Protein chains: 2
Amino acid sequence: MTTRSAIQASGKQFRRKNISQTVQNIVISPIKEMSILADQLEDEIGHGKIISFGQGIPYFDTPSYIKDAIRTALGEIDTAKYTLEPGLTELRALLARHLESLHGITRIEEKKEIMVTAGCQEAVACALRSIIDQGDEVLLPSPCFASHIEQVIQFGGTPVFVPLAEQNKWSLDVEACAQLVTPKTKAILFSNPSNPTGAVFGHAELRALADLAKEKNLIIITDETYDFLTYDGMPHSSPASFADVSDRVILCGSFSKKYAMTGYRVGYAYADEGIIDHMLKVHDALTICAPAISQKAAIAALAGPRDSIQEFREKLAANREAMCGELDNLSDAFSYQKPNGAYYILAKIIHPALRDSFQTALRILNEAHVVVIPGAAFGPQGEGHLRFSFAGEPQQIPEGFRRLQNFLQTL
Amino acid sequence: MTTRSAIQASGKQFRRKNISQTVQNIVISPIKEMSILADQLEDEIGHGKIISFGQGIPYFDTPSYIKDAIRTALGEIDTAKYTLEPGLTELRALLARHLESLHGITRIEEKKEIMVTAGCQEAVACALRSIIDQGDEVLLPSPCFASHIEQVIQFGGTPVFVPLAEQNKWSLDVEACAQLVTPKTKAILFSNPSNPTGAVFGHAELRALADLAKEKNLIIITDETYDFLTYDGMPHSSPASFADVSDRVILCGSFSKKYAMTGYRVGYAYADEGIIDHMLKVHDALTICAPAISQKAAIAALAGPRDSIQEFREKLAANREAMCGELDNLSDAFSYQKPNGAYYILAKIIHPALRDSFQTALRILNEAHVVVIPGAAFGPQGEGHLRFSFAGEPQQIPEGFRRLQNFLQTL
């Protein structure tokens, strides 16, 4: 594979002596690398000088009813302590009821089929580690979430990229999946709504994928971080709603975006008891348990009024319109598919003077002081694109695009 | 290997279909398994009915100056958000100064040699993943911290147990290490002070180990969770203080025990920049970043008065005397080495009616309603022992031992 590292692309050399070959082959997700490079640049030019369309962090604060619950939790001594390794019992029960109502599932056994993790990222890590061995293959739609690539490789697996077509709005191509299945294929992993494309994989595609999984004995790992975030009334579907594949679907979820809690590192997994049994072993060896204070915040989030979710959705829908409008003004430099979900646009670079997505993103950082994510981070089909997050402050969108326009004029 | 699982020993069957062979070979650390089994038993007999000498959780609350800082942090919007992936810059700077003064290190570059993790457990996971490949060997003193075994196996490594001698107070045996080094040996991993034995590995042994590491090109991973917790003025030493091996020592540390923050999941690693570069890749793929609120609590912990550490040490020293006294009263059932550090006693079972440590721990849970940890969890030399934590409420010690005495009388 060519480099997937912005830091490598910027010239850094990595130590080899004593380092695992497996880990020499992974990278920090360029989503975070670009933040690290921006922080280094701000050490020189002053902090707060850079506008970020990079890491997907909602600009709003955690809702006050959740913060009130955290203040209450500080008066409880068990907040200081490890929780039970699978998570607080009350939180697992709330999650079970939540997923039952969201996906029309009859009965989830919260003490057997649910576990709480240090963010959705750890849930996916536990899922992959539990399913694959050295040399096993995992299907990843391309473009896919950058960290999914690194997670597969770090556990000894081989990512097999399923090319998605931009002209089909990056929709899930189950026939292409089927063609890439080999005896080594153990799982397919994707985010839906998709980070980085904003595509929403629909009921029919997921049903076809479930049939493929049954036929080929695959596990489906679905990262539903953005399950609440679709636009224009687009429905969100999950393979977890199909009873006939309940023994082969691992649903990984998050509180990060839905409740503006990215900093709290709390997520969860729902799967067959037989799979959760193993994922709990991995979870123990990675983080022992999710943070107690964050688990209590998550309890409040699920038990509370949740009006904030609709409010967040509306704010992000407004940002989507604003950013699409800005990109329309730069139509000689970028083309794009309007996202139906999540808060990213994977824009295609059509400006003739710009090529490689890493070099372009580094130039935009260093010359325009704007963070965007190189598309190559998201798999082969991502190359030639840049990912723009529209989760940031609304006023940053026009300012960031003013800088981009100035940058484009220098080319 | 024989089972290292209390849950398996209690009869549970595990799913094999679709499950990674690697993960079939690991277990939830019996430290947490015993808590899970206790929780299941309490569902029947009533919650709060069981006394735990199991998981090592200090009974005191997080100091109030740290909780005050958390309340302040709730007013800051960046607490809602991911931090920079390697951790908050201010926290890394404080950690650098802290480690410089603790270990007499001249100059730590906080932006290159320090990273913040979701607990020390994740720091060790990142370290191991960065150093070993499939089939590599890692030396573990036996007895060792149970999770270290599972961490090595889950990343494809092979634990090679270095037998320690109980009659030598479980001290580190560097000659035994040297004899077990093969061309596949990549690292040695241990906790110091030791969980589960309470042994404190001294300067001379660590110096000899550093020489061995240089000679054999090994990485030393030192888990210093209990660095503050030695008794009777016993000094704590770290291989991180030896300048000549600074490129091959990974120090993993924690806020969990020192500041009564086990629930907050915040720890750190200090190592050569070339190693941290790789560990950051693993960290990103596991948890993205440590919880922001916990990182701010950690800043307060390091910047604050820290009188609480001495107070904790004194309270735990009193608990140590109390538990040793109780064990002395049961000298026909147990013998033990008085610990010099940490808050565990690994007691040898000498009662003729008790044998296998898993069965004994399960009987004590089910019949006496007391949690102790089966010694086999800690490697081959742990078998025939039980680990008792004395970090719990002082009044639980006499009550727990009253129950144990009653249990022993039924044998």
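In which helix of chain A is the place of A:Glu311? The residue sits in helix 13 (residues 307-329) of chain A, where helices (H or I, at least four residues) and strands (E, at least two) are DSSP runs, numbered from the N terminus. A:Glu311 counts as exposed, because 12 C-beta neighbours fall inside 10 Å; the classes used here are buried for 20 or more other C-beta atoms within 10 Å of a residue's own, exposed for 12 or fewer, and partly exposed in between, with C-beta atoms placed from the backbone. A:Glu311 and A:Ala165 are 146 residues apart in sequence, and their C-alpha atoms are 32 Å apart in space.

The model is predicted, so local features need pLDDT of at least 70 and side-chain atom pairs count only at pLDDT 80 or more, while totals for chains, interfaces and linings use all residues. Residues are numbered from 1 along each chain as its sequence is written, and chains are lettered from A and ligands numbered from 1 in the order in which they are written. Chain A has a mean pLDDT of 96, with 100% of its residues at 70 or more; pLDDT is the predictor's confidence in each residue, from 0 to 100. For the complex, the predictor gives an ipTM of 0.97 and a pTM of 0.97.

Turning to overall form, chain A contains 15 helices and 13 strands. The C-alpha atoms of chain A fill a box of roughly 60 × 55 × 50 Å along the principal axes. Of the 411 residues of chain A, 59% count as buried. Among contacts in chain A with a separation of 6 or more, 74% come from residues 24 or more positions apart, a contact being two residues whose C-beta atoms, placed from the backbone, lie within 7 Å.

The two chains meet through 72 residues from chain B and 72 residues from chain A. On the side of chain B that touches chain A, helix 11 of chain B gives the most, with 11 residues. That side divides into 31 nonpolar, 24 polar and 17 charged residues. Here Ala, Val, Leu, Ile, Met, Phe, Trp, Tyr, Cys and Pro count as nonpolar, Asp, Glu, Lys and Arg as charged, and the others, Gly among them, as polar. Chain B can be laid on chain A with an RMSD of 0.0 Å by a turn of 180° and a shift of 0.0 Å along the axis. The two copies are therefore related as by a two-fold rotation axis. The same surface serves both copies, as 100% of the contact residues of chain B recur in chain A. Superposition is by least squares on the C-alpha atoms of residues with pLDDT of at least 70 in both copies.

Chain A holds an open sheet of 4 strands in the order 9-10-13-12, with antiparallel pairing; two strands pair if DSSP finds at least two bridges between them. Strand 9 (334-335) and strand 12 (373-374) of chain A stand at the edges with a single partner strand each, so one side of each is left without a neighbour in the sheet. Strand 10 (residues 344-349) and strand 13 (residues 385-389) of chain A run antiparallel and are joined by 5 bridges. A:Ala347 stands opposite A:Leu386 in strand 13 of chain A.

In chain B, strand 3 (residues 137-142) is largely enclosed by the rest of the structure, because 6 of its 6 residues are buried. Both of its faces are covered, with B:Glu137, B:Leu139 and B:Pro141 on one side and B:Val138, B:Leu140 and B:Ser142 on the other. Strand 3 of chain B runs parallel to strand 4 (residues 158-163) of chain B, and 6 bridges join them. The bridge partner of B:Leu139 in strand 4 of chain B is B:Val160.

The peptide bond from A:Ser142 to A:Pro143 is cis, with omega near 10°, and A:Pro143 lies in the loop between strand 3 (137-142) and helix 8 (146-154) of chain A. B:Trp170 has a positive phi of about 60° although it is not a glycine. B:Trp170 is buried, with 24 other C-beta atoms within 10 Å.
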